[in-house]
Amino acid sequence: MAGSVGLSQALSYARDLKSLYETSRARERELEQAQERLRHAYAQSRQYAVDLRKTYRRLQHAIFQSLLGLANALEAKDAYTRGHSERVAALARQVALAAGVPPAEADIIAQAGLLHDLGKIGIPEHVLRKAGPLSAEEWTVMRRHPIVGAQIVAPLEFFADGAIIVRHHHERHDGSGYPDGLRGERIPLGSRIVAVADVYDALTSDRPYRPRLSREDTVRQLRAEGGRTLDVRLTTLCIQVTDDGAAERAI
Ligand SMILES: [Fe+2]
């Protein structure tokens, strides 16, 4: 009798064990399926993140293009400034490359050259186009344009270095510039390059108050500014790269 109880108990244990085993197998399979679903969801969300990043970049570039359009429209209103930013950008790229700046960085400097005066959009027309000298108050307004320009491009993550270049394009080597009165090499290299290109283009363009300067006078004037308002080495490079008319052809 005792033997048959033992056997039936053993059988019952065996059945329990089997059912336990089956249950655990089923759980394992469920777990595997859940893991698989999780893996799939993870891969999908990674793909979404990549797509989103691409869309975000495309959007930022579209905004950048719109800002370029805006800068061009602003410039085109005035015969004296038409094409100025494009010439500054082309020359800034040449000077940057001549200074040994890597091409990708030279591209950012050129883009900053295209947008350097965008902040002038915030300056009233009567101040911007005033023929005579500006009053102290008008100068205060005028001097805000590098900060306004940097603020406009600030949301463009890929253009963070460009925003800094825009902000400091009116700093001067001797510290007498604006908005922060930086001096010498404390002024970002890109800003120093855009400043040289900006001055060169102003000297070689007709203005309401004077015709464009001859090559000789331009070189003399640039040399005089080197070490005073402009970076000496970059001024020399600017004179060199424009020597054979390469900058004019590049435009
Ligand atoms: Fe400017």
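Helices (H or I, at least four residues) and strands (E, at least two) are DSSP runs, numbered from the N terminus. Residues are numbered from 1 along each chain as its sequence is written. The model is predicted: local features need pLDDT of at least 70, side-chain atom pairs count only at pLDDT 80 or more, and totals for chains, interfaces and linings use all residues.

Start with the whole chain. The protein has 11 helices and 0 strands. Its pattern along the sequence is α-α-α-α-α-α-α-α-α-α-α. The C-alpha atoms fill a box of roughly 125 × 40 × 35 Å, taken along the principal axes. The radius of gyration, taken over C-alpha atoms, is 33 Å. A compact globule of 251 residues would have a value near 18 Å, by the rule of 2.2 Å times the number of residues to the power 0.38.

Next come the domains. The assignment gives domain 1 (1-59) and domain 2 (77-250). Such bounds come from an automatic or database domain assignment. The C-alpha centres of domain 1 and domain 2 lie 66 Å apart.

One loop deserves a stop. Pro179 sits between helix H7 (160-167) and helix H8 (189-203). The peptide bond from Tyr178 to Pro179 is cis, with omega near 10 degrees.

Now follow the helix packing. Axes here are lines fitted to C-alpha atoms, for helices over the stretch in contact, and angles run from 0 to 180 degrees between N-to-C directions. H8 and H9 pack at about 145 degrees, with their axes 10 Å apart. H8 passes H9 in a right-handed crossing. A crossing is right-handed if the near helix is turned clockwise from the far one by less than a right angle, and left-handed if anticlockwise. Val199, Tyr200 and Leu203 of H8 meet Thr218, Gln221, Leu222 and Glu225 of H9. Residues are in contact if their C-beta atoms, placed from the backbone, lie within 7 Å. By class, this contact of H8 with H9 has 4 nonpolar, 2 polar and 1 charged residues. Ala, Val, Leu, Ile, Met, Phe, Trp, Tyr, Cys and Pro count as nonpolar, Asp, Glu, Lys and Arg as charged, and the others, Gly among them, as polar.

Move on to H9 (residues 215-225) and H10. Their axes come within 9 Å and cross at roughly 165 degrees. H9 and H10 are therefore roughly antiparallel. Angles over 145 degrees count as roughly antiparallel, under 35 as roughly parallel, 65 to 115 as roughly perpendicular and the rest as oblique. The crossing of H9 and H10 is right-handed. Val219, Leu222, Arg223 and Glu225 of H9 touch Thr235, Cys238 and Ile239 of H10. The contact of H9 with H10 has 4 nonpolar, 1 polar and 2 charged residues.

H10 (residues 232-241) also packs with H2 (residues 84-98). The angle is about 115 degrees, and the axes are 9 Å apart. H2 and H10 are therefore roughly perpendicular. Their crossing is right-handed. Gln94, Val95 and Ala98 of H2 make the contact with Leu234, Leu237, Cys238, Gln240 and Val241 of H10. By class, the contact of H2 with H10 has 6 nonpolar, 2 polar and no charged residues.

How values were computed
Contact = placed C-beta atoms within 7 Å.
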